Amino acid sequence: MKLKNLKPGSTAKIFGFDICNRYYKQKLLAMGLVPGKEVVVAKYSSVSDLIEIVVDNFSLILRKSEAEIVQIEEACM
């Protein structure tokens with residue numbers, strides 16, 4: 001499953017990356033999006049293609065194209 005497919009308020013663990021560009025992977029890793037980390041989707045922007053997520057009590061804003069790269073395992077609640 002992809003991070004961009006989660007609904008606001010959903011929690012998931014990062015599983016890996018689906019990319020062909022190493023720059024994006026390094027950028028996402030540098031922002032703390034590492035495999036095994038838990039992420040929460042806070043909200044989607046209604047005007048643009050932005051997604052706000054929370055990782056380790058930090059809010060990050062990603063483009064939907066960047067969130068498309070992140071593979072996740074949805075948490076069972």
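How far apart are the mean positions of the positive and negative charges of the protein? The 11 positive and 9 negative charges have mean positions 4 Å apart, where Lys and Arg count as positive and Asp and Glu as negative, with His and the chain ends not counted. The place of a charge is NZ of Lys, CZ of Arg, CG of Asp or CD of Glu. This is a predicted model, in which local features need pLDDT of at least 70, side-chain atom pairs count only at pLDDT 80 or more, and totals for chains, interfaces and linings use all residues. Residues are numbered from 1 along each chain as its sequence is written, and side-chain values use heavy atoms, without hydrogens and water.

**Fold**

- The protein has 2 helices and 5 strands, which are DSSP runs numbered from the N terminus (helices: H or I, at least four residues; strands: E, at least two).
- From the N terminus on, these elements follow the order β-α-β-β-β-α-β.

**Dimensions and burial**

- The C-alpha trace spans about 30 × 30 × 20 Å along its principal axes.
- Of the 77 residues, 31% are buried (under 20% relative accessible area; exposed is over 50%, partly exposed in between; 1.4 Å probe, protein chains only).

**Loop between strand 3 and strand 4**

- D56 lies in the loop between strand 3 (50-55) and strand 4 (58-63), and N57 lies in the loop between strand 3 and strand 4.
- Most residues other than glycine have a negative phi.
- D56, not a glycine, has a positive phi of about 50 degrees, and N57, also not a glycine, has one of about 65 degrees.
- D56 is partly exposed because its relative accessibility is 43%, while N57 is exposed at 77%.
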